[in-house]
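Let's take a friendly walk through a protein and the small molecule it holds. Have the picture ready and follow along.

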Amino acid sequence: MSDCIFCKIASGDIPGDIVYQDDRVIAVNDIDPKAPVHILIMPKKHIPSLNEIDDSNKDIMAHILTVAANLAKAKGVAEKGYRIVNNCGVQGGQSVEHIHFHLLGGRSLAWPPG
Ligand code: AMP
Ligand code: ZN
């Protein structure tokens, strides 16, 4: 999608602090980190939100979570623990309409979130 910032990072049109990528997924350090480890993991293909996940594209979800688990280990937060967050829609707090999962770790995280 031409005006999507995460599509532009995935295509290389604008720089991102890339920590992992393969043919389907890209992971970047969040530009405004909320924890010592704050990585965004997303499909390279434009999918607006979790509302657009169905049987036709559900495989990407398993892949994203596998990448998240691998990154948690690589960043040294797997043992102490971390959180995977997807904000969906306005009330969910989604600000970029290209589905992404936050990997947050490196400090204790409060519950419930605000
Ligand atoms: P959300 O509010 O769940 O949609 O999350 C969007 C996230 O994208 C926020 O945590 C932003 O800090 C982050 N973000 C926005 N622009 C960029 C960028 N160019 N590179 C990395 N992270 C970004
Ligand atoms: Zn996009």
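This is a predicted model: local features need pLDDT of at least 70, side-chain atom pairs count only at pLDDT 80 or more; totals for chains, interfaces and linings use all residues.

Q: Which pocket does the space taken by ligand 1 form?
A: Look for the space that ligand 1 takes up in the protein. Among the pockets, this space is the largest.

Q: How much of the area of ligand 1 does the protein bury?
A: Several polar atoms meet the ligand: an oxygen atom of ligand 1 is 2.7 Å from a polar backbone atom of Ser-95, and a nitrogen atom is 3.2 Å from one of Ile-31. A polar side-chain atom of His-102 lies 2.8 Å from a ligand oxygen. Taken alone, ligand 1 exposes 510 Å², and of that the protein buries 84%.

Q: Which residue has a side chain joined to that of His-38 by a polar contact of 2.8 Å?
A: The side chain of His-38 reaches the backbone nitrogen of Lys-34 at 2.9 Å. A polar contact of 2.8 Å goes to another side chain, that of His-102.

Q: Is His-38 buried or exposed?
A: You can find His-38 in strand S3, residues 37–43. Its relative accessibility is 6%. Buried means under 20%, so His-38 counts as buried.

Key:
Residues are numbered from 1 along each chain as its sequence is written. Chains are lettered from A and ligands numbered from 1 in the order in which they are written. Side-chain values use heavy atoms; hydrogens and water are left out. A polar contact is a pair of N or O atoms within 3.5 Å; within protein, one must be able to donate a hydrogen and the other to accept it, and residues adjacent in sequence count only if both atoms are side-chain atoms. Accessible areas come from the Shrake-Rupley method with a 1.4 Å probe; for residues, only the protein chains shown count as cover. On a 1 Å grid over the protein atoms alone, a cavity is a set of points where a 1.4 Å probe fits but cannot get out, and a pocket is an open set with protein on both sides within 12 Å along at least five of seven lines; lining residues have an atom within 4 Å of a point. A molecule sits in a cavity or pocket if more than half of its atoms lie within 2 Å of its grid points. Helices (H or I, at least four residues) and strands (E, at least two) are DSSP runs, numbered from the N terminus. Buried means under 20% relative accessible area, exposed over 50%, partly exposed in between (1.4 Å probe, protein chains only).
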